[in-house]
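Colleague: I have a new model open and want to learn how to read it. Can we go through it feature by feature?

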Amino acid sequence: MDIIYKDPKDLKDYENNPRNNAEAIEPVMDSIKEFGFLVPVLITGDGKIVAGHTRKAAALRLGLSSIPCICADSLSEEQIRAFRLVDNKTAEFSSWDFEKLAEELDMISDIDLEAFRFPDFGSDLQVSDEDFIQGTESVKERKKKSVICPDCGREIIL
């Protein structure tokens, strides 16, 4: 797998991207400023984004003229469509071990993590998944949904 460098202005957004990324752009910008551009954007051979729309948007706002990319030329069009969804969906299956999170946050003193909206645990650990609600429901409490793919007829669990 080779990393290639592209001007983010040359990358094409996937026009049917189902993710709403606007709220994440500034935190991703802050992450890039603090740590560098460590996660490449996944693209097709013709420069269409498979995964990394938010990273591209952050790079544009930061005025970057070159960002790391990986070309997904080994994937079929159907695999690319599926990967776009799976790449975003898998994070929703995780939850936090709040005691370990508090310990990790306590060990970070020179980096401002406020932009990433971690809770302030204070001296008492009074945190639950509800502190990480997205929209009106906790990520952990979301019910799985299924849809039938109109192209292949397979059931897809969301």
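Predicted model: local features only at pLDDT ≥ 70, side-chain atom pairs only at ≥ 80, totals over all residues.

Colleague: Let us start with one residue. Where does isoleucine 25 sit, and is isoleucine 25 buried or exposed?

Modeller: Isoleucine 25 belongs to helix α1, which covers residues 25–35. For burial, look at the relative accessible area; under 20% counts as buried. Isoleucine 25 has 10%, so it is buried.

Colleague: Which residues does isoleucine 25 contact, leaving aside neighbours within four places in sequence?

Modeller: Skipping those neighbours shows what the fold brings together. For isoleucine 25 the list is Thr54, Ala57, Ala58 and Arg61. Take threonine 54 from that list. Threonine 54 and isoleucine 25 are 29 residues apart along the sequence, yet their C-alpha atoms are 5.7 Å apart in space.

Colleague: What about threonine 54 itself: which helix holds it, and is it buried or exposed?

Modeller: Threonine 54 is in helix α2, residues 53–62. Its relative accessibility is 13%, so threonine 54 counts as buried.

Colleague: Now the core. Which residues make up the largest nonpolar core?

Modeller: The largest one here has 12 residues: Leu11, Ile25, Met29, Ile32, Phe37, Val41, Ile43, Ile49, Ala58, Ala59, Ile67 and Cys69. Two or more residues each come from α1, β2 (41–43), α2 and β4 (67–71). The top contributor is α1, with three residues.

Colleague: Pick one core member. What is phenylalanine 37 in contact with, beyond four places in sequence?

Modeller: Phenylalanine 37 contacts Ile32, Arg55, Ala59, Leu64, Ile67 and Pro68. There is also a second, separate core of six residues, including Val50, Ala51, Ala72 and Ile80.

Colleague: Are cysteine 69 and cysteine 71 buried or partly exposed?

Modeller: Cysteine 69 has a relative accessible area of 0%, so it is buried. Cysteine 71 has 25%, so it counts as partly exposed.

Key. Residues numbered from 1 in each chain as written. Heavy atoms only, no water. Helix = DSSP H or I, 4+ residues; strand = E, 2+ residues; numbered from the N terminus. Buried < 20%, exposed > 50% of the residue type's maximum accessible area, 1.4 Å probe, protein only. Contact = heavy atoms within 4.5 Å. Core = buried A, V, L, I, M, F, W, Y, C linked by side-chain atoms within 4.5 Å.
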